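Please open the model in your viewer and keep the selection tool at hand. The stops below are meant to be followed in order.

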Amino acid sequence: MSSLLSPELVSASAVTVGALAILIAYARRDSRPIPPGPRSLPIIGNLLNMPSQEQWLVYQEWSRKYGSLSFSTCPDRAFTQHGTTGSDIVHMNVFGTDILVVNSAEAASALFGHKSAIYSDRPRMPMLGELIGLGWHFGFMPHGEDWRIHRKIFAQEFTATAVEGYQEQELKWTKIFLQNLIATPQNFMQHIQHMASGLALEISFGLEVQPSGQPDPFIAAATQAVEALTETGLFGTYLVDFLPSLKYFPAWLPFGKFRRQANKWRISPRRDYVPSIGSKILMSDEASNETAVRQATAAMFANGSAATVSALTTFILAMRLYPEVQAKARREIEQVVSGRLPSYSDEASLPYITAIIREIGRWNPVVPLSFPHKLTTDDNYNGYYLKAGSVVFPNAWAILHDPTVYPEPHIFKPERFLTNDGKLNPNVKDPEAPWGFGRRICPGRKMANSTMFITIASILATFEITAAIDDNGRVIKPSGEYGSGMLRYPKPFKCNIKPRSREAAALISED
Ligand code: HEM
């Protein structure tokens with residue numbers, strides 16, 4: 001009996017049944033007009049068109065290329081003539097899974113905003129949730145009761161008032177960061193990471209983490225989770241996302257590479273942890289349901305802070321590449337802050353710093369394709385039929401680089417959010433797209449903005465960021481490149497960071 005049900009036989013049968021289901025679905029395909037997209041092939045659909053790098057750029061290009069002039073009545077679009085007007089929604093199909101990419105703010109607002117009840121689900125993500133073990137992460141839970149409970153408890157901890165309550169810890173960690181920066185400025189990325197993790201641990205568990213950065217097993221596990229999320233979180237990166245039965249295939253098969261990668265990233269805290277106070281609390285068996293939810297959300301905060309790390313690294317990059325922005329920001333700070341470090345009460349008087357924070361999220365969004373949403377009910381948009389069960393990607397990158405809304409979108413220009421006399425322009429909205437959409441919008445955004453404000457204002461008040469010089473006296477220009485994953489980070493780059501003056505250095509070392 002056991003030999004009859006060998007894993008190989010089970011997986012082969014599962015794939016055969018899956019292939020049959022796709023064939024039947026293909027034969028019965030719908031004839032209603034669907035959004036345009038690249039031409040698809042039988043069974044595999046657009047598998048060969050799926051970009052593997054910087055997907056947001058490819059989808060942005062497709063939305064210009066595939067027009068909405070003539071509606072196809074054939075879902076594989078074999079006979080469609082594409083128009084020239086472009087379409088803000090593009091469609092693909094891979095092994096029977098419909099994929100929609102939303103490329104404009106109007107379409108995002110019409111779907112994720114006005115119809116959030118049917119656009120707030122998440123697709124099943126076998127690689128991330130089942131093989132790597134991030135299924136507990138409520139950011140990837142289906143839109144249901146469990147998600148609602150997690151989200152409610154989490155959101156209570158990060159309201160505007162709750163976030164004000166964390167300012168003391170944020171000021172403390174900003175100071176630690178500045179001190180680490182003065183000691184080893186070349187390690188600025190590591191110091192940003194340490195500050196974000198230390199702050200998350202202190203706020204979540206009340207833990208006092210070593211300021212100098214002794215390795216902590218909880219930080220290590222959170223970092224591992226972030227790496228897994230970055231590499232695999234983009235739905236469709238692995239075939240198993242489209243064909244879940246592949247997860248039963250043994251790792252040694254030639255196409256079992258994803259299994260080997262999943263084993264590398266698999267989150268198994270109970271076995272791998274060296275006990276720390278944080279991990280003991282996190283893993284406590286006596287935990288009640290609510291405690292369990294709190295524990296998971298605390299760990300989520302550690303992950304969320306990874307996004308803040310990316311945004312702060314983008315800030316350093318922008319200051320290195322745009323010295324005139326840095327000089328202008330510093331002039332504003334000098335008018336407001338003198339003989340002390342910046343505080344939260346300065347925020348209202350520093351509109352240029354607020355504009356810089358907005359521009360960071362717009363210029364190089366941390367999550368350019370946001371997290372994938374799933375449509376739960378048949379819908380239509382601009383005459384197109386959108387099928388229930390479709391995976392829907394909001395293309396935050398395309399929305400934030402729309403030249404009709406943000407002229408010269410590739411340039412870092414905080415002025416776009418300001419009036420001529422330097423106030424925040426009420427007619428230019430603070431973009432929401434960097435934070436996601438509808439009911440799933442990032443619940444940690446107030447916390448992230450608060451951390452960014454105090455860190456950025458404090459760096460500008462005390463340090464100068466200039467070009468690094470190589471051994472031959474030549475300026476090293478950062479490539480400005482980013483890694484391509486679900487969360488984007490600037491690729492490591494060099495710059496010269498030094499205190500602006502003796503007074504600034506003295507402020508940093510003061511207790
Ligand atoms: C610059 C920093 C950050 C950025 C750019 C960012 C961006 C995002 C985005 C784009 C999403 C997906 C929204 C969607 O599905 O439409 C998200 C979800 C989420 N973020 Fe953030 N985030 C940041 C920081 C944080 C922080 C600090 C926390 C924790 C305090 C956090 C907690 C979460 C959670 C829990 C979710 C999942 C929400 C859900 O599925 O219901 N984020 N974030």
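Begin by selecting Glu-334, which is partly exposed with a relative accessible area of 43%; buried means under 20% relative accessible area, exposed over 50%, and partly exposed in between (1.4 Å probe, protein chains only). The model is predicted, so local features need pLDDT of at least 70 and side-chain atom pairs count only at pLDDT 80 or more, while totals for chains, interfaces and linings use all residues. Residues are numbered from 1 along each chain as its sequence is written, and side-chain values use heavy atoms, with hydrogens and water left out.

Helices (H or I, at least four residues) and strands (E, at least two) are DSSP runs, numbered from the N terminus. Arg-500 is partly exposed, at 33% relative accessibility.

Next, select Glu-202 and Lys-172, a salt bridge whose closest N and O atoms are 2.9 Å apart. Because Glu-202 lies in helix H8 (residues 188–205) and Lys-172 in helix H7 (residues 167–183), the pair ties together parts that are 30 residues apart in sequence. Glu-202 is buried, at 10% relative accessible area, whereas Lys-172 is partly exposed, at 31%.

Move to helix H15 (residues 351–363), where Arg-362 and Glu-359 stand 3 residues apart, about one helical turn. Their salt bridge has its closest N and O atoms 2.8 Å apart, and both residues are buried. Include Arg-416 to display a network of salt bridges linking Glu-359, Arg-362 and Arg-416.

Finally, centre the view on the ligand. Which residue is the only protein donor of its iron atom? The donor is Cys-442 (SG), at 2.3 Å (donors are N, O and S atoms within 2.8 Å of the metal, or 3.2 Å for Na, K and Ca; water is not among the atoms, so sites may look incomplete). Cys-442 is found in the loop between helix H16 (396–400) and helix H17 (445–462). Select helix H13 as well, which gives the most to the shell around the ligand, with 6 residues. A polar side-chain atom of Trp-147 lies 2.8 Å from an oxygen atom of the ligand, and one of Arg-440 lies 2.9 Å from a ligand oxygen.

Conventions. A salt bridge is a side-chain nitrogen of Lys or Arg within 4 Å of a carboxyl oxygen of Asp or Glu. A polar contact is a pair of N or O atoms within 3.5 Å; within protein, one must be able to donate a hydrogen and the other to accept it, and residues adjacent in sequence count only if both atoms are side-chain atoms.
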